[in-house]
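Dear colleague,

Please find the structure below, together with the sequence. My findings follow directly after it.

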Amino acid sequence: MVLLTACQGPGVSDPSGMPEAGPAQVSRVEPLSWWTGMKTELQLMVQGPEISSYQVSIAGKGLRVKDVHKADSPHFVFVDVEVSPSARPGTYYLLFEREGQTFKYPYLIREREKGSAARESFTVADMIYLIMPDRFASAFSDNDEAWQGGEYFDGSARPWTVPPTPDRVDRQDAVARHGGDIQGMMNHLDYIADLGATAIWCTPLLLDNQPRESYHGYACADYYHIDPRFGDNEHYKAFVARAHEKGLKVIMDVVTNHCGTAHWWMEEPPFKDWYHVSEPYMQMNALFSVYMDPHASLRDRERQESGWFVPSMPDMNLDNPFVLKYFQQWAIWWIEYAGLDGLRVDTYPYNEPEPMSAWCKAVTDEYPGMNIVGECWDMNIPQLAYWQKDNPNKNGFNSNLPSIMDFPLQQAMLRALNEDQVFWDEGMTRIYSVLAQDFAYQDLSHMVTFFANHDHARTGDVLRRDPARMKLALTLLATLRGIPQLYYGDEMMFLERKDCQPHDGAKRIDFPGGWEGDACNLFTAEGRASAPEMYAAAAELHDYTRSLFRWRKGCKAVQEGKTLHFLSRRNVGPHNITDNSYAFFRYTDTEAVFVYINNSAEPRVLDWNHYREFVSGPVSGTEIISGEPVTLRDGFSVAPRSAIVVEFKR
């Protein structure tokens, strides 16, 4: 590492003889490091006892202090640093001087990787596999206990100080830690890639130090450090690199709306309005409509923006420019440091809209090809469309958020597949009707489709533990427009735990085989073949999923094609009702895929005349699950509760 010692700034001409700062002078500096060649301007948050009373400068050619901002707390200072194009990578020094007292703090400027700004992100060509790391796999049993400091599992010393982690491991407790870790995920990357996934979204891996229910990671206690029970920063970086070797992109789950009450800055925030404070406590109202509602009261909007998600998750104030800058740099730091391929933003509409628009723009200005998907949990399609980038909103608001999660389609799929006796607007008509409103969205290629994630009931339970219905859900996910996301274990119809109280933790079950000593190992073909009764369909469903998504990787008609869909009706007495089937073509100029979903308890016989506007006469192609050639014509029968997916040339 090159040591740069020339000095810029007043007061000190030679820092070589200055003492380095200890924790009694500087507690932390964030971001932890930076890079040459970045568009984003660097602002350092420095914490230390009475640190705002010191003059600050930087030793090293190519870097200079542009401005220094004091906070409400005297123990914080914000330093604007210019990193010139001529700056060389190496260790620079922040210099602090007050009344003859001086000390220095090393700060690393790294060399940016070539082509970093032009990195590719996740697209319609991908299938995203969602993992909850604590419940996926454990490689190290000795990091399953609360980490109290000192050495880590490989015997190396921690290069930083993190607080003790009080939440203990107990796999019998649905809301306790279960001990999954980064190495456990690394050990099963081949399984994920073989399934046909091309991207991984992990729920948060950053330190969550809540005394209870810290396993999910959504109450962050340190935005710049991986939770030591999962691994460390370098381990996460190695995980991303290994995933890339396997052809898998990595999407980081980020939370800008709230932190946890155990975050270190809760003891004394830099500014009094660093997070929203209300006396008495104010709960958010989950009223997303206040942003586009012309009749909404300011009081309702204030509660939506400033209310806390839950009492354990303080609501961040992104209207404070230093908070916003902190989170912009933080996202960019992790992308650059770990080599990330995308971001997923938790609870997106709970954030202040205008600052989050600026947050998205900062990230995509630095990485023009970066895809960011926001969790906008709204079943109202016009309100959901409001949050997508460049949507023509009447109030002129542009979120700059490229992708949104398709909650209306998710709800429609599960309700449709769970209905047997159906009338006008029920059964498969629900899916038809949701897709009929695609005109409301600005960019269908940036819709993330799914039938479950970590906040939902297990799909197997919703679909009454019926493997046939599960196959229909998987078929729809693989063939409908958008970017599909599959929740870990749904490829084998995982079910909620029944040995404990119903709770989110009961739905977030351990992956059998992810822990040493597990009686069943569903990561292997042998384990799936000999699985106990509750996983009797695991092998069949796994192979069905694998066939679908490995095929999808090479099918442009499904990835990029248009959609033409058909709904069937039949007369039953005086009523004209849906026959609970749904047919659609996905197509380009040269290739097409015909998908027929029979969600009824009876066979359905095709009347090919029904589809003549797309193609007349019999169609010969390949049924992608069986791999067998088929000819679609009048009289072709589709078995009850089953699907066909036929690929053919136009």
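Predicted model: local features only at pLDDT ≥ 70, side-chain atom pairs only at ≥ 80, totals over all residues.

Strands here are DSSP runs of E with at least two residues, and helices are runs of H or I with at least four, each numbered from the N terminus. β8 (residues 90-98) and β9 run antiparallel and are joined by 9 bridges; two strands pair if DSSP finds at least two bridges between them. The two strands form a hairpin with 2 residues between them, and E99 in the turn has a positive phi of about 50°.

On β9 (residues 101-110) there is also a parallel pairing, with strand β3 (residues 33-35), through 3 bridges. There, S33 has L108 as its bridge partner.

Turning to the helices, the axes of α11 (residues 467-479) and α14 (residues 538-552) come within 10 Å and cross at roughly 15°. Axes are lines fitted to C-alpha atoms over the stretch in contact, with angles from 0 to 180 degrees between N-to-C directions. The two helices are therefore roughly parallel to each other (angles under 35 degrees). Residues in this contact (heavy atoms within 4.5 Å) include M470 and L474 of α11 and Y544 and L548 of α14.

The protein chain has a mean pLDDT (the predictor's confidence in each residue, from 0 to 100) of 93, and 94% of its residues reach 70 or more. Over residues 1-12, however, the pLDDT is below 50.

Residues are numbered from 1 along each chain as its sequence is written, and side-chain values use heavy atoms, without hydrogens and water. Local features need pLDDT of at least 70 and side-chain atom pairs count only at 80 or more, while totals for chains, interfaces and linings use all residues.

With kind regards

How values were computed. Parallel < 35°, antiparallel > 145°, perpendicular 65-115°, else oblique.
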